[in-house]
Amino acid sequence: MSANDQTQHQLDAVIIGAGFSGLYQMLCLRDRLGLSVLGLDMADGVGGTWYWNRYPGARCDSESHSYSYYFSDELLKKWTWSERYPGQAEILEYLNFVADHFDLKRSFRFKTKLLSAHYDEQANLWELCTDDGERYRTRFLISAVGNLSSANIPAIPGLDRFKGPWYHTGQWPHEGVDFTGLSVGVVGTGSTGIQAIPVIAAQAKSLTVFQRTANYSIPAHNGPLDDAFKAYCKDHPDEIRTILHATPNGHPFYISETSALSLSEQERHAVYEKAWEKGGLRFRASFKDLLSSEEANKTAAEFIKQKIRSMVKDPRKAQVLSDIDHPFAAKRPPIDTHYFETYNLAHVDLIDIRENPIDSMTEEGIRTTNGLFKLDAIVFATGFDAMTRPILNLNLRGRNGVALSDAWEAGPINYMGLQVPGFPNFFMVTGPGSPSVLTNMPVAIEQHVEWISDCIAHMRAEGLHRVEPQPQASAQWMQEVNQAAAATLLPKAKHSWYLGANIPGKPRVFMPYAGGMAHYRKRCETITANGYEGFLMA
């Protein structure tokens, strides 16, 4: 049955999103459980986050051989990654390959936005309304919208007055942008800015970077994968999968068992140098206590700051770039390709907007407290209203017509990041309250999708029609999420989007679960073994 045929039918399940989460969820429910399933996505094709994020330099910070589905050895053998860290185009190609391999696209309606979803308690169905005027009724509603899919465009006075084009990294024109011969401003030096700035600098006549919060970054040392490593990946999927499932962050390497403080300064420096030369997120795995001990963390932080000061020749720029106000890895540490070296180029300038705040925008450019910067084009690398906003944008109303925005007014109350009290049969893939953005995402996605699918299969086998979390179980889980965060240095990054601190007026709540993916997986398995403990089924 095609997606168009399904519009007149009541469905077993509707999935919102066609990225990593939505594709695997469709496969599990449609092909493995034999349900009638429809997928909806605003894009005109699959890809999710990687459909929209096409900004210059867009690249994954997980190593390519781990940024893959591991539920199928056949898929792993048929697909070969070209680089250590895959770029946006290659990831999108991979997701299209997966969708075509399993014939998933026919079950999605693309260019379709969900406007609202209301739970009808009497019928125990979700009633959905889309922007093309269609209405659907479904037993199960599953959010696979991704954590980083709602662009944060800053409310700068006068933005509408600027005569030139402006762009957000999360809403990049698919035809690309040519900055040749232009004076460009980039606002923001988080992950997207760090990736985009060197690429834009290579094109632009001049580049002015406006930085609020200085950031750590580790060199990616990206490059083509050699044939021996490609063969290893195809011959050892079980070995790689075991590591992915055993590590707290779902990456293909173990974290050292050594404390940073147990070595002499010289020995510790040698470990950091070796990790720096290897590059990527493996640097974070140098010692076991970098996220639990401030003293240990300072050793890594100072090492990176010294690296920044040695790479950036202008002392003023070096000071601004190394004046970092949070512990290393308290935000997801970016990885880069010649980011800091870019500031050595004569046509690249850096403005510290903590010292010299942006006041407004004019027809000609950006005005700070110190004057006007004339610009031909502006790029906002200002990140996302992360984790909650993509779900809130679905305009859900649960039991008694309660809006999710009201239920989450003080923060995203949920159980295991999977379900919300008062919203029966609504599931979230890698929702707030789960490890999600603290992990290599495909690992977390596979675990969530399989848990949701097993739950639905269990309900069907037992003749059960409704599931939602007990309020008390949700309250206890929220307490555990807070405790897990408090046991780390993560909450000490005061401007972190993990806390929602990048969005004015958003509740300051630490949203992802910091207890580790391996521990979270065991918790979910225990809940299932105990008869879906904490969930109400009827």
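This is a predicted model: local features need pLDDT of at least 70, side-chain atom pairs count only at pLDDT 80 or more; totals for chains, interfaces and linings use all residues.

Modeller: Arg354 is joined by its side chain to Asp325 in a salt bridge, with 3.6 Å from N to O. The two residues are 29 places apart and link distant parts of the chain: Arg354 belongs to the loop between strands S12 (348-352) and S13 (358-361), Asp325 to the loop between helix H10 (315-322) and strand S11 (335-336). Asp325 is likewise classed as partly exposed, because its relative accessibility is 25%.

With that pair as a point of entry, I turn to the helix requested. Helix H8 runs through residues 265-278, which makes 14 residues. At 1.5 Å a residue it should span 20 Å, and its end C-alpha atoms do lie 20 Å apart, so expectation and model agree.

Which residues of H8 are buried? They are Arg268, Tyr272, Ala275 and Trp276. These four cover an arc of only 105° around the axis, which means that they are on the same side of H8. The spacing follows a general rule: an α-helix has 3.6 residues a turn, so residues three or four places apart point the same way. Gln266, Lys274 and Glu277, on the other side of H8, are exposed. The buried residues pack against two elements, strand S10 (218-219) and helix H9 (294-311). After H8 comes Gly279, with a positive phi near 80°.

H8 and H9 are also connected by side chains. Glu273 and Lys307 form a salt bridge of 3.1 Å, N to O. Since Glu273 is in H8 and Lys307 in H9, this pair ties together parts 34 residues apart in sequence.

The structure holds 23 salt bridges. Another of them joins the side chains of Arg399 and Glu468, at 2.3 Å from N to O. Arg399 is in the loop between strand S17 (396-397) and helix H13 (404-407), and Glu468 in strand S19 (residues 467-469), so this bridge ties together parts 69 residues apart in sequence. Glu468 is buried, as its relative accessible area is 7%. Elsewhere, Glu63, Arg84 and Arg282 are linked in a network of salt bridges.

Nonpolar packing comes next. The largest nonpolar core has 65 residues, and Phe20, Tyr69, Phe427 and Trp451 touch the most other members. Helix H14 (residues 441-462) supplies the largest share of this core, ten residues. Beyond its neighbours within four places in sequence, Tyr69 is in contact with Gly19, Phe20, Leu23, Tyr24, Leu75, Leu76, Tyr94, Leu95, Val98 and Glu446. Another core lies apart from the largest one; it has 54 residues, among them Val209, Ala275, Leu290 and Leu350.

Aromatic rings complete the account. The aromatic pairs number 42. In one of them, Trp50 and Tyr67 are edge-to-face, at 6.2 Å centre to centre and with 85° between the planes. This pair links distant parts of the chain, 17 residues apart: Trp50 in helix H2 (residues 49-52) and Tyr67 in the loop between H2 and helix H3 (73-78). Trp50 and Tyr67 are both buried. The rings of Tyr216 and Phe328 have centres 5.5 Å apart and planes at 80°, so they too are edge-to-face. Here the residues are 112 places apart and link distant parts of the chain: Tyr216 is in the loop between strand S9 (206-211) and S10, Phe328 in the loop between H10 and S11. Tyr216 and Phe328 are both buried. One aromatic cluster includes Phe20, Trp50, Tyr67 and Tyr69.

Definitions and conventions:
Residues are numbered from 1 along each chain as its sequence is written. Side-chain values use heavy atoms; hydrogens and water are left out. The expected span of a helix is 1.5 Å times one less than its number of residues. Buried means under 20% relative accessible area, exposed over 50%, partly exposed in between (1.4 Å probe, protein chains only). The arc is that of the directions from the helix axis to the C-beta atoms. Contact means heavy atoms within 4.5 Å. A salt bridge is a side-chain nitrogen of Lys or Arg within 4 Å of a carboxyl oxygen of Asp or Glu. A nonpolar core is a set of buried Ala, Val, Leu, Ile, Met, Phe, Trp, Tyr and Cys residues joined through side-chain atoms within 4.5 Å. Rings of Phe, Tyr and Trp (its six-membered ring) pair if their centres lie within 6.5 Å; planes under 30 degrees apart count as stacked, over 60 as edge-to-face and the rest as tilted.
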